[in-house]
Amino acid sequence: MTNEILTPQIPEEEPARQYYYMELAKQLVAERAEKAGRPLTCCVTTFGCQMNARDSEKLKGILETIGYQCVETEDADFLIYNTCTVRENANVRVYGRLGSLKSLKRKEPETMIALCGCMMQEPHVVDTIRRKYKHVDLIFGTHNIYKLAELVFRALNEEEMVVDLQENTDLIVENLPVDRKYSFKSGVNIMFGCNNFCSYCIVPYVRGRERSRKPEEILSEIRRLVEDGVVEVMLLGQNVNSYGKNLETPMTFAQLLEQIVQVPGLERVRFMTSHPKDLSDELIAVMAKYPKICRHLHLPVQSGSSRILKIMNRHYDKEQYLTLVEKIRAAVPDISLTTDIIVGFPGETEEDFLETMDVVEKVGYDSAFTFIYSKRTGTPAASMENQVPEDVVKDRFDRLLALVQKRARERSARFEGQVKTVLVEGINEQDDSLVTGRMDNNILVHFPGDASMIGSLVDVKLDCCKGFYYLGSRV
Ligand code: SAH
Ligand code: SF4
Ligand code: F3S
């Protein structure tokens, strides 16, 4: 690789090409820092899901390699917004932020502003930014974050807004720098994109077709992470249960998990998200067999109405979902189940909604993310005519939230008095004599401790359940 960096020709292969540009960008950043008499800073602001959070760690890894110091505040030399477009309010927040950056850019024209992530994969968004937010320096999407060094190099050299977007890709670029948020736990992408086209969802359009990383790449990344102090990994994909279908040598997600739990030194494995339609008996058996696999399953139901589920293109009905839950609970009795629910999907009647309430009542989720349906341009549901009036949706949303919280409170209390292993994540934000950690089922526990415990797994007696979390004591 070193030789390639020194060749005057620009390498065509990735990641060699990016390492070449990292060197060039580094020189430019160093020159600017010298002129400023201080190191240049960057701030990456992340919206959206775990995928975006992981992408931001990759962005930071590259930015640090080229000489930027990452900071948490937006008074930095380089501002990057990694956007989400799953619901309209995510977009509104980004436009709001962009508006307020106009005056900053007028006062400090040297500040660089970049936008990336899912919103940028929508042509109408990019048109709006070109027209109304000319102070943006760089736009790129979800398929080319690996190219950040090359793009920064261009943006530092060019006056015009640099826009680099790709519609879809088969390319998976491995082995670029990453700056992890936590020293002891990490997300690991196992696949990218989504092929499911749920009728309300924009993700397949902005993240492209499903593609799986090779198992050997995933395993070697996990081994490297463990060597670096990581004890818990979260395997990431829009639908991890369809992992491996498009590999040269196909393999199932359960087979991959079985290999991952063998990595010495790795204590916990989580994954998200599981689509109910693809959750196999094989996976349930593997979860039951290996205690390292966390006792938590995020199993988005979206709706309890079989009629709505069909229009949502989810490929399961209410009965199948409930049967699946029973099967999982029979194999892994104390597992925590969480879910996502959409209220107010086009055509949802009171009856449909009551079916959703019934599922929540029957399953007893440990927690649930509840969303008001948001119309996404380009999805089939956006052109459905029978959109539900806002006041009806709001009323249903409130009733659902109340039930979700009631059931979650009841469910969460089931471990009171037991001793559980907790991964300590940090000092408690309200009381610094306490530390905060997570049980393997994702429930938070606060108990007396100090910073030396961060990143370690400790046994804690769960003295008292406070709604959705526990107060405990070390045993
Ligand atoms: N791949 C995951 C979900 C990713 S998006 C899965 O299939 O489970 C996260 C959640 O956002 C979804 O589960 C859904 O509940 C919600 N969501 C997606 N599109 C939405 C929309 N148009 N309006 C409201 N909520 C939406
Ligand atoms: Fe969206 Fe459905 Fe894909 Fe999840 S599985 S990302 S909800 S299309
Ligand atoms: Fe949002 Fe993109 Fe994730 S749209 S939810 S950041 S995949």
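## Ground rules

A charge sits over a ring if NZ of Lys or CZ of Arg is within 6 Å of the ring centre and within 35 degrees of the ring normal. This is a predicted model, where local features need pLDDT of at least 70 and side-chain atom pairs count only at pLDDT 80 or more, while totals for chains, interfaces and linings use all residues. Residues are numbered from 1 along each chain as its sequence is written, and side-chain values use heavy atoms, with hydrogens and water left out.

## Charges over rings

K185 is over the face of Y182, 4.7 Å from the ring centre. R87 does likewise with F371, at 3.7 Å from the ring centre.

## Ring pairs

Take Y21 and F153: they make a tilted pair, 5.6 Å centre to centre with 50° between the planes. That pair links distant parts of the chain, with Y21 in helix α2 (residues 16-36) and F153 in helix α6 (residues 148-157), 132 residues apart. Helices here are DSSP runs of H or I, at least four residues, and strands are E runs of at least two, numbered from the N terminus.

Y21 has 8% relative accessibility, so it counts as buried (under 20% relative accessible area; exposed is over 50%, partly exposed in between, with a 1.4 Å probe and protein chains only). Y95 and Y133 have ring centres 5.7 Å apart and planes at 20°, so that pair is stacked. Both Y95 and Y133 are buried.

Definitions and conventions
Chains lettered and ligands numbered in written order. Phe/Tyr/Trp six-rings, centres within 6.5 Å; stacked < 30°, edge-to-face > 60°.
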